Amino acid sequence: MNDDCYLWNPSPTPSLPVIGSDRRMPIRRIFCVGRNYLGHAAEMGAPVDKRTMRPFYFFKDAGSIVASGSRIPYPPGTANLHYEMELVLAIGRPGFRVSETEASAMLYGYAAGLDLTRRDLQLQAREAGKPWDLAKNFENAAVCSEIVPSETVMTKGAITLEVNGTTRQQSDISMLIWSIPELISDLSSFYHLQAGDLIYTGTPEGVGALVPGDRLRGYVEGVGDVALEIGEPE
């Protein structure tokens with residue numbers, strides 16, 4: 001089917017560069033894991049007990065992807081934009097109802113990401129028992145580095161975020177409540193995961209507000225850096 005059959009030209013496919021390749025990864029869907037570090041769950045006033053709970057998820061549109069190193073406008077509709085530094089999983093092959101052992105084979109690689117959140121809208125929605133869509137899914141809300149191909153399942157590695165040169169978040173991948181295989185396996189029980197899906201695995205404690213002019217630099221050991229500048233609102 002060519003473009004002539006559409007009323008207007010389809011939007012370009014969102015994609016990310018891949019280290020060591022001249023081809024890019026097309027992004028299909030973005031799944032995000034909520035409260036996957038005990039410290040962050042506590043600071044949000046919603047403790048997690050893995051013995052009685054399972055992971056929960058929210059979505060960001062693939063069009064919300066923005067490349068590391070970008071400068072974005074402070075988003076509309078909020079007075080309390082927050083940063084959340086995360087390890088990102090890149091899925092490289094399809095899988096449905098896979099075991100934790102099988103889940104590792106679905107990994108294409110990793111990236112360093114920032115889940116931007118309109119925190120005031122999230123808290124309002126949570127208080128009213130409403131969905132988080134306006135708080136989490138908006139333009140430029142999913143910042144991501146280059147994809148690093150890797151067949152290794154990460155079990156540890158420092159994760160940090162600096163804002164204007166000051167460390168705001170600092171933890172280790174080993175502190176994830178639900179591990180990488182557990183997340184992929186659980187998510188595949190609800191969805192047919194496909195190549196090009198991204199999974200933002202959750203953020204450590206230390207989240208906080210951003211203002212125009214802020215410069216962010218995050219790091220995941222063994223994966224790389226992600227950088228962002230917050231501009232003035234449009």
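**Exercise 1. Sort the residues lining the largest cavity into nonpolar, polar and charged, and find which elements supply them.**

Step 1: sort the lining. It splits into five nonpolar, six polar and seven charged residues. Here Ala, Val, Leu, Ile, Met, Phe, Trp, Tyr, Cys and Pro are nonpolar, Asp, Glu, Lys and Arg are charged, and the others, Gly among them, are polar.

A quick word on the ground rules: this is a predicted model, where local features need pLDDT of at least 70 and side-chain atom pairs count only at pLDDT 80 or more, while totals for chains, interfaces and linings use all residues. Residues are numbered from 1 along each chain as its sequence is written, and side-chain values use heavy atoms, leaving out hydrogens and water.

Step 2: Grid points join across faces, edges and corners, and the volume is the space filled by probe spheres set on the points. There is one cavity of 30 Å³ or more, and the largest cavity has a volume of about 110 Å³.

Step 3: look inside. Of the 18 lining residues, Gly 34, Arg 35, His 40, Gln 122 and Trp 132 lie nearest the centre.

Step 4: trace the suppliers. Strand S3 (30-34), strand S4 (56-60) and helix H3 (119-128) each supply at least two lining residues, and H3 gives the most, with three. Helices (H or I, at least four residues) and strands (E, at least two) are DSSP runs, numbered from the N terminus.

**Exercise 2. Work out the strand order of the five-stranded open sheet and say which strands stand at its edges.**

Step 1: read the order. It goes S6-S18-S17-S13-S14, with mixed pairing; two strands pair if DSSP finds at least two bridges between them.

Step 2: find the edges. S6 (70-73) and S14 (166-172) have a single partner strand each, so one side of each is left without a neighbour in the sheet.

Step 3: zoom in on one pair. S13 (residues 158-163) and S14 are antiparallel over six bridges, and Val 163 sits opposite Thr 166 in S14.

**Exercise 3. Which parts of the chain does the salt bridge between Asp 197 and Arg 28 tie together?**

Step 1: check the distance. The closest N and O atoms of Asp 197 and Arg 28 are 3.8 Å apart, and a salt bridge needs a side-chain nitrogen of Lys or Arg within 4 Å of a carboxyl oxygen of Asp or Glu.

Step 2: Asp 197 is in the loop between helix H5 (180-187) and strand S15 (198-200), and Arg 28 is in the loop between strand S2 (24-26) and S3, so the pair ties together parts 169 residues apart in sequence.

Step 3: The structure holds 11 salt bridges.

Note on methods
On a 1 Å grid over the protein atoms alone, a cavity is a set of points where a 1.4 Å probe fits but cannot get out, and a pocket is an open set with protein on both sides within 12 Å along at least five of seven lines; lining residues have an atom within 4 Å of a point.
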